Amino acid sequence: MALVEKGVLWTSVFVNIGPAFEQYEPWYVQLNPRMVVPTLTIVEHTIPQRVLTDSASILQAIDADFSGPSLVPQDDLSRHRMHSWLDRQDQLRLREFSYARQPGLTGVALRYSLGLRRKRLLKQRKRNPNHAAVYDQKLADLARWREAVEDDDGIAKIQLQIQNALDAMDRSLVDHDFLAGDHYSLADLSWTAVFGRLEHLGYASWWTDERPQLSRWLKAMKARPSHAQATNTLTPWQGLQLVARVIMPKIFVVWLIKIAIFWLVAEAISSL
Ligand SMILES: N[C@@H](CCC(=O)N[C@@H](CS)C(=O)NCC(=O)O)C(=O)O
């Protein structure tokens, strides 16, 4: 969204963070040793290629590096407000919250995937000993992540932090059109993405049934052309294809082994 707002030419590379776990492949680890999305590679003719990780840093670099409308307020008070909203977003453990609270079968699959992730990381560590240290860090991160998902009190605390932030936003939006003040900024951008995640988890009533200012603000954010151009929602069919592409070859191999065993047993019996 920030790239669209700035009028920068960009292309997206789809990284399947589950079930294919492409973020653990060595090519991605080299770009982003924390093995998370997003990652931004800035390719320009005039400056050497730069790789940026962590959304708050990515957003600030996009604003600083490219011309186009400024996404950082000029006055000190608004700039301070913007940074405090960015920090508040950065501190939320949204990944843990999402994995714990994702409803339905998707939720079951996501939580189950945490065990598969460990196996995949151990495999990648063995295959790529030159990256062993970063794989160890990721394994430690994964252990904390799994612990957090199972800790109901901890997840309830994250929920409270989110709801407190929403209350504060709703109050500040009484006097201003945007989170940092009277101008659209990186704070609006970054929190719009959080609302996308909360909506996906089924918490839209947190701003449709209560917090009217927030509801008005989010409608305006979603009406910006950058929202439609930058969000890419998978249809259920595309989601199914994504999972099938990873699972089907495995099922095929298992069936091949079963048929081979059956054939060997049948051969052994007939030769008796
Ligand atoms: N603070 C980081 C958080 C990134 C993050 O947690 N990304 C998750 C999205 S669910 C991810 O890539 N998870 C994959 C993994 O940890 O294996 C940022 O904003 O860039």
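Predicted model: local features only at pLDDT ≥ 70, side-chain atom pairs only at ≥ 80, totals over all residues.
Is the crossing of α5 and α8 left-handed or right-handed?

**The whole protein.** Display the C-alpha trace, which spans about 90 × 50 × 35 Å along its principal axes, and colour it by secondary structure to bring out 13 helices and two strands. Of the 272 residues, 17% count as buried, and among the contacts with a separation of 6 or more, 64% are between residues 24 or more positions apart.

**The two domains.** Select residues 2-233 for domain 1 and then residues 238-272 for domain 2; the centres of these domains, taken over C-alpha atoms, are separated by 40 Å.

**The helix pair.** Now select residues 94-101, which form helix α5, together with residues 152-172, which form helix α8, and you will find the two packed at an angle of about 115° with their axes 10 Å apart. The crossing of α5 and α8 is left-handed, which settles the opening question. To see the contact itself, show the side chains of Glu96, Phe97, Ala100 and Arg101 on α5, and those of Ile155, Ile158 and Gln159 on α8; by type, the residues of this contact divide into four nonpolar, one polar and two charged.

**Backbone details.** Most residues other than glycine have a negative phi, and most peptide bonds are trans; the next stops depart from those patterns. In the loop between α2 (26-31) and β1 (39-42), select methionine 35, whose phi is positive, near 60°. Methionine 35 counts as buried because it has 27 C-beta neighbours inside 10 Å. Proline 38 lies in the loop between α2 and β1 as well, and the peptide bond that joins valine 37 to proline 38 is cis, with omega about 5°.

Continue to aspartate 54, in the loop between β2 (50-53) and α3 (55-65), where phi is again positive, at about 75°, although the residue is not a glycine. Aspartate 54 has 16 C-beta neighbours inside 10 Å and therefore counts as partly exposed.

For a last stop, select glycine 18 and proline 19, whose connecting peptide bond is cis with omega near 10°; proline 19 is found in the loop between α1 (2-6) and α2 (26-31).

Note on methods
Residues numbered from 1 in each chain as written. Domains from an automatic or database assignment. Axes fitted to C-alpha atoms, helices over the stretch in contact; angles between N-to-C directions. Helix = DSSP H or I, 4+ residues; strand = E, 2+ residues; numbered from the N terminus. Left-handed = near helix turned anticlockwise from the far one by under 90°. Contact = placed C-beta atoms within 7 Å. Nonpolar A, V, L, I, M, F, W, Y, C, P; charged D, E, K, R; others polar. Buried ≥ 20, exposed ≤ 12 C-beta atoms within 10 Å, placed from the backbone.
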